[in-house]
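Please keep the sequence and the structure in view while reading.

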Amino acid sequence: MEIKIYSKTDCRFCRKTREFFAERGITVTEYDVDVDKNAKYEMIKNSRQELVPVIVRDNQYMQIGYDLTRLEGLISINIQWLGQHKTI
């Protein structure tokens with residue numbers, strides 16, 4: 001599972017998103033859109049807006065904003081899939 005987070009340094013919901021993944025030992029690639037203008041362009045192009053955080057999983061799934069329930073769903077889907085994969 002590859003996770004990208006588009007964020008801003010002073011965004012409290014971005015910080016909470018980082019903490020969510022860190023507490024679960026999940027490695028993320030983070031882009032600070034205040035500093036990285038190419039990342040900002042990519043985020044706006046793909047999400048069609050400028051709100052942060054934007055969380056992207058495996059270059060397909062996109063979540064905009066901090067929503068604990070959806071974040072937990074995002075990782076539990078992966079855990080369930082891995083469990084099924086191991087039993088085959």
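Y6 is buried, as its relative accessible area is 3%. This value comes from a predicted model.

- Y6 belongs to strand β1 (residues 3-7) and Y31 to strand β2 (residues 29-32), so the pair ties together parts that are 25 residues apart in sequence.
- Y31 has a relative accessibility of 25% and therefore counts as partly exposed, whereas Y6 is buried.

**The pair F13 and Y66**

- F13 and Y66 also form a stacked aromatic pair, with 6.2 Å from centre to centre and 25° between the planes.
- F13 is located in helix α1 (residues 12-23), and Y66 in the loop between β4 (61-64) and α3 (68-87), so the pair ties together parts that are 53 residues apart in sequence.
- F13 is partly exposed at 34% relative accessibility.
- Y66 is partly exposed, with a relative accessible area of 25%.

**The residue F21**

- F21 lies in helix α1 and, at 0% relative accessibility, counts as buried.
- Leaving aside neighbours within four places in sequence, F21 is in contact with several residues, including I3, I5, V28, L71 and I75.
- F21 and E72 are separated by 51 residues in sequence, while their C-alpha atoms are 9.7 Å apart in space.

Conventions:
Residues numbered from 1 in each chain as written. Predicted model: local features only at pLDDT ≥ 70, side-chain atom pairs only at ≥ 80, totals over all residues. Heavy atoms only, no water. Helix = DSSP H or I, 4+ residues; strand = E, 2+ residues; numbered from the N terminus. Buried < 20%, exposed > 50% of the residue type's maximum accessible area, 1.4 Å probe, protein only. Phe/Tyr/Trp six-rings, centres within 6.5 Å; stacked < 30°, edge-to-face > 60°. Contact = heavy atoms within 4.5 Å.
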